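Please consider the sequence and the model displayed below. The paragraphs that follow lead from one packing arrangement to the chain as a whole.

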Amino acid sequence: MDASPKHWERDDSTKDDLLYDDDRPNKVRYAGSPPGARELSPWVDWRPDPEAPLLSVLVMARGGQTFSMAQDDWDRSNHEDIVGVLYDFSATYMLHVDLRPSNVIRAPSDTQECKVHKRVHEWNIIDFAWSTVDASGPKDEAKYALICKLQSAKWKTRYWYAAERRA
């Protein structure tokens, strides 16, 4: 990836969403300074392509407390709610690869009712950086069942418990 200042000249000319230092492309960094987040981002080289449109949604909402093994794990309704949210993801063929307590947070008070479960979920799952989606082809019950199984396997594994101890 090209992180040189001349690369910035080829950057998106619309400049509709500035990043830090976008307004100072010729700013000289001190000797030996590492490239910043912008230069290392895989999106720095992205350009619009009418043949391959990209839809991106960034949801910024204030969530509640993260899932706590000491306070929340004992309540079976919490387990059922989180599994319900995971199955909602599975219905869109999305697999959340980094499921751990710090990525499960209390839903905000203005959360909308889930159309599938006909109730408001008490938990949200965040951090989709490592998630994968397989939306190719028509709806496939076997693929849905496999993703549900993989999603369930991520829930309450040794990784889940180990991540709680690190947090």
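Helices (H or I, at least four residues) and strands (E, at least two) are DSSP runs numbered from the N terminus. The model is a predicted one, in which local features need pLDDT of at least 70 and side-chain atom pairs count only at pLDDT 80 or more, while totals for chains, interfaces and linings use all residues. Residues are numbered from 1 along each chain as its sequence is written, and side-chain values use heavy atoms, with hydrogens and water left out.

Which residues of helix 4 are buried? They are K143, I147, C148 and Q151, where buried denotes under 20% relative accessible area, exposed over 50%, and partly exposed in between (1.4 Å probe, protein chains only). Viewed down the axis of helix 4, these buried residues fall within an arc of 135 degrees, so they line one face of the helix; the arc is that of the directions from the helix axis to the C-beta atoms. An α-helix has 3.6 residues a turn, so residues three or four places apart point the same way. On the face turned away from the buried side of helix 4 lie the exposed residues E141, A142 and K149.

The ends of helix 4 can be described in turn. At its start, a side-chain oxygen of D140 comes to within 3.0 Å of the backbone nitrogen of A142. After helix 4 comes K156, with a positive phi near 65 degrees. The end C-alpha atoms of helix 4 are 20 Å apart, in agreement with the 20 Å that its 14 residues should span at 1.5 Å a residue; the expected span is 1.5 Å times one less than the number of residues.

Helix 3 covers residues 76-91, and its 16 residues reach 23 Å from first to last C-alpha, close to the expected 22 Å. Its buried residues include H79, I82, L86 and F89. The buried residues of helix 3 pack against strand 1 (94-95), strand 2 (104-106), strand 3 (123-125) and helix 4 (141-154). Just after helix 3, Y93 adopts a positive phi of about 60 degrees.

The protein chain as a whole contains five helices and four strands, arranged along the sequence as α-α-α-β-β-β-β-α-α. Of its 167 residues, 28% are buried. Among contacts with a separation of 6 or more, 71% join residues 24 or more positions apart.

How values were computed
Contact means heavy atoms within 4.5 Å. A polar contact is a pair of N or O atoms within 3.5 Å; within protein, one must be able to donate a hydrogen and the other to accept it, and residues adjacent in sequence count only if both atoms are side-chain atoms.
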